[in-house]
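Trainee: Before we open the model, could you show me how to read a structure one feature at a time, with the general idea stated before the particular case?

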Amino acid sequence: QVQLVESGGGLVQAGGSLRLSCAASGFTYTLYDMGWFRQAPGKEREFVAAVSRFGDSTRYADSAKGRFTVSRDNAKNTVTLQMNSLKPEDTAVYFCVRERLGDSGKIDYWGQGTQVTVSS
């Protein structure tokens with residue numbers, strides 16, 4: 001059974017940092033690209049960042065470039081999102097996702113989400 005469990009969310013002041021982690025289980029982790037989406041109140045879910053199966057390639061939304069870093073540890077089956085210079089508009093529920101095998105950008109599993117709140 002595929003499981004994606006996020007941790008690390010919380011409340012932070014604008015300009016601060018947070019580090020989100022996702023523990024994956026129930027599948028062969030190194031076969032899949034992994035990533036993060038977010039959903040702000042009243043808005044659609046949006047892509048944030050993704051990392052390739054061996055961690056050698058990353059993709060970012062324009063809003064995340066230069067501030068967020070996505071990485072993975074294939075020995076621990078984890079994916080991490082380091083978020084720096086946070087802004088109030090980064091406030092959202094952040095979801096760890098698994099990208100569909102052979103269909104980059106399409107998501108087949110979602111975590112339950114972790115709340116990030118950035119105060120001004």
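Predicted model: local features only at pLDDT ≥ 70, side-chain atom pairs only at ≥ 80, totals over all residues.

Trainee: Are cysteine 22 and cysteine 96 buried or exposed?

Mentor: Cysteine 22 has a relative accessible area of 1% and is buried, and cysteine 96, with a relative accessible area of 0%, is buried as well.

Trainee: Turning to the sheet, what is the order of the strands in the open sheet of 4 strands?

Mentor: The general idea is that strands of a sheet pair through backbone hydrogen bonds, either parallel or antiparallel. In this model the open sheet of 4 strands runs in the order E1-E3-E8-E7, and its pairing is antiparallel. Strand E1 (3-7) and E7 stand at the edges, each having a single partner strand, so one side of each is left without a neighbour in the sheet. On average, and with direction ignored, neighbouring strands of this sheet are turned by 15° against each other.

Trainee: How many bridges hold each pair, and which residues are partners?

Mentor: Going through the sheet in order, E1 and E3 pair in the antiparallel sense over 5 bridges, and leucine 4 has alanine 24 in E3 as its bridge partner. E3 and E8 pair over 6 bridges, again in the antiparallel sense, with alanine 23 bridged to threonine 78 in E8. E7 and E8 are likewise antiparallel and pair over 6 bridges, and there serine 71 has threonine 80 in E8 as its bridge partner.

Trainee: How many residues of E8 are buried, and what does threonine 80 contact?

Mentor: E8 is mostly covered, since 5 of its 6 residues are buried. Threonine 80, which is found in strand E8, is buried with a relative accessible area of 9%. Leaving aside its neighbours within four places in sequence, threonine 80 is in contact with Arg19, Leu20, Ser21, Trp36, Thr69, Val70 and Ser71.

Trainee: Finally, how many residues does the largest nonpolar core have, and which have the most contacts inside it?

Mentor: The largest nonpolar core has 28 residues, and those with the most contacts inside it are Met34, Trp36, Val79, Leu81, Met83 and Tyr94. The elements that give two or more residues to this core are E3, strand E4 (34-39), strand E5 (46-51), strand E7 (68-73), strand E8 (78-83), E9 and strand E11 (114-119). E3 gives the most to this core, with 4 residues.

Trainee: What does leucine 81 touch?

Mentor: Not counting residues up to four places away in sequence, leucine 81 touches Leu18, Arg19, Leu20, Trp36, Val48, Ala49, Phe68, Thr69, Val70 and Tyr94.

Notes:
Residues numbered from 1 in each chain as written. Heavy atoms only, no water. Buried < 20%, exposed > 50% of the residue type's maximum accessible area, 1.4 Å probe, protein only. Core = buried A, V, L, I, M, F, W, Y, C linked by side-chain atoms within 4.5 Å. Contact = heavy atoms within 4.5 Å. Pairing = 2+ DSSP bridges. Axes fitted to C-alpha atoms, helices over the stretch in contact; angles between N-to-C directions.
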